[in-house]
Amino acid sequence: MRVNARYLFFGGKGGVGKTTAASATALFLLHNSKRNDSILLFSTDPAHSLSDSLDVKVGNRLVEVKHLRGAKLFAYEMDASLALERFRAAHGEVLAEIAERGTLLDEEDINELLNLSLPGLDEVMSLFELSEVDREGKYTRIVVDTAPSGHTSRLLRLPEVFERIVRTLDLMGEKHRYMIEQFARRKAPLDKVELFLRDLNGRIASVRKLLYDAEQTSFSLVTIPEAMSVRETERYLELLKEQGVPVRDLIVNRVEQEHDACEYCHARVLGQKKWLKEIARAFRGLEMHHVPLMAQEVRGLEALKEVGDILWKTNSH
Ligand SMILES: Nc1ncnc2c1ncn2[C@@H]1O[C@H](COP(=O)(O)OP(=O)(O)OP(=O)(O)O)[C@@H](O)[C@H]1O
Ligand SMILES: [Mg+2]
């Protein structure tokens, strides 16, 4: 993990331990923080589970989870569907105007925008909210628990979709302006559709910055040493790289251990061996962190702190 990364994203296939790794990292940062540091643990997964992982009730608000020597850890599970509703309420008029204005509306992208049914839009709303929270806040570090890879892939592609929409709408806007200027013989003022588009563009740029800015962001992939997970993680890494997301670490979770004369453990260790090898080969270049399969579910601050130490203690933090 890069010491300088302010944003630490955790992603991977469903159920591999993303939330566990994110929560554990946030606790590790708290325990290794300076006085007055403030750490935010934020989830963009519409199906939140920070509360379950921390064993602290979080929900759709900022909650202080723990403080230590003047440093604080906050968590926030954003309600994306509420944010979409608010977006619709705030921009309903302008969305209706867009629908009225153009002749290009058979475009699927725009229709999905108008219905607010673009895949990944809920997660992008969470990121919009996160950048708001960050703007107001004084967070030293922000740890982000993302949705399973299939879902987040759509989020990653969404800025492109948005740009396409904005370009199309811009073209429509130009036509509209041209008509006004031709027929009314006056300069068309910036109207609310344009202002809306400019605002949306600005917000997309800031969301992009969160994810792609190598200066301040580091994305950690989480996987388990099993066929399906390894394959999906390889594909996910390709996409992340293609998109320019700075992926630096790979967390290999649930690594089986030998236990005395445990035949079952021995068989499981053997079963994972091939995949651990494959992981070492396929993800060369990423910094590896192995986490053993624990006897119990990793839940609550103490268990998470233990995992956080396993993850990051040996590294030059
Ligand atoms: N190393 C481990 N040893 C034992 N249990 C673990 C370990 N890592 C995670 N778990 C448990 O596995 C379950 C799934 O972990 P977690 O919720 O972190 O996965 P996730 O990738 O966030 O899942 P989802 O895709 O549903 O968001 C949790 O009950 C967690 O406590
Ligand atoms: Mg999760």
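Which residues does Leu41 touch, not counting residues up to four places away in sequence? Leu41 touches Ala22, Ser23, Ala26, Leu50, Leu73, Phe74, Ala75 and Val143. Two residues are in contact if their C-beta atoms, placed from the backbone, lie within 7 Å.

The structure is a predicted model, in which local features need pLDDT of at least 70 and side-chain atom pairs count only at pLDDT 80 or more, while totals for chains, interfaces and linings use all residues. Residues are numbered from 1 along each chain as its sequence is written, and chains are lettered from A and ligands numbered from 1 in the order in which they are written.

**Figure 1. Overview of the chain.**
The chain has 10 helices and eight strands; these are DSSP runs numbered from the N terminus (helices H or I, at least four residues; strands E, at least two). The C-alpha trace spans about 90 × 45 × 30 Å along its principal axes. Of the 317 residues, 34% count as buried. A residue is buried if 20 or more other C-beta atoms lie within 10 Å of its own, exposed if 12 or fewer, and partly exposed in between, with C-beta atoms placed from the backbone. Among contacts between residues at least 6 apart in sequence, 78% join residues at least 24 apart.

**Figure 2. The largest nonpolar core and helix H1.**
The largest nonpolar core has 72 residues, and those with the most contacts inside it are Ala26, Leu41 and Val144. Such a core is a set of buried Ala, Val, Leu, Ile, Met, Phe, Trp, Tyr and Cys residues joined through C-beta atoms within 7 Å. Helix H1 (residues 18-31) supplies the largest share of this core, eight residues. In soluble globular proteins, nonpolar side chains tend to be buried together. From its first C-alpha to its last, H1, with 14 residues, reaches 20 Å, close to the 20 Å expected at 1.5 Å a residue; the expected span is 1.5 Å times one less than the number of residues. Because 13 of its 14 residues are buried, H1 is largely enclosed by the rest of the structure.

**Figure 3. Packing of H1 and H10.**
H1 and helix H10 (residues 301-312) pack at an angle of about 85°, with their axes 7 Å apart. Axes are lines fitted to C-alpha atoms, for helices over the stretch in contact, and angles run from 0 to 180 degrees between N-to-C directions. H1 is therefore roughly perpendicular to H10; angles under 35 degrees count as roughly parallel, over 145 as roughly antiparallel, 65 to 115 as roughly perpendicular and the rest as oblique. Residues of H1 in the contact include Ala24, Leu27 and Phe28, and those of H10 include Leu304, Val307 and Trp312. By class, the contact of H1 with H10 has nine nonpolar, five polar and two charged residues. Ala, Val, Leu, Ile, Met, Phe, Trp, Tyr, Cys and Pro count as nonpolar, Asp, Glu, Lys and Arg as charged, and the others, Gly among them, as polar.

**Figure 4. Crossing of H5 and H7.**
The axes of helix H5 (residues 121-136) and helix H7 (residues 192-212) come within 10 Å and cross at roughly 90°. H5 is thus roughly perpendicular to H7. Val124, Leu127, Phe128, Leu130 and Ser131 of H5 make the contact with Arg203, Ser206, Val207 and Leu210 of H7. These residues divide into six nonpolar, two polar and one charged.

In H8, Ala227, Val230 and Glu234 meet Trp275, Glu278, Ile279 and Ala282 in H9. The contact of H8 with H9 has five nonpolar, no polar and two charged residues. Leu239 also lies in H8. Leaving aside neighbours within four places in sequence, Leu239 is in contact with Ser153 and Leu156. The C-alpha atoms of Leu239 and Arg157, 82 residues apart along the chain, are separated by 9.5 Å.

**Figure 5. Two loop residues with positive phi.**
Asn36, in the loop between H1 and strand S2 (38-43), has a positive phi of about 75° although it is not a glycine. Asn36 counts as exposed because it has 11 C-beta neighbours inside 10 Å. Asp55 is in the loop between helix H2 (50-54) and strand S3 (63-68), and its phi is near 60°. With 14 C-beta neighbours inside 10 Å, Asp55 counts as partly exposed.
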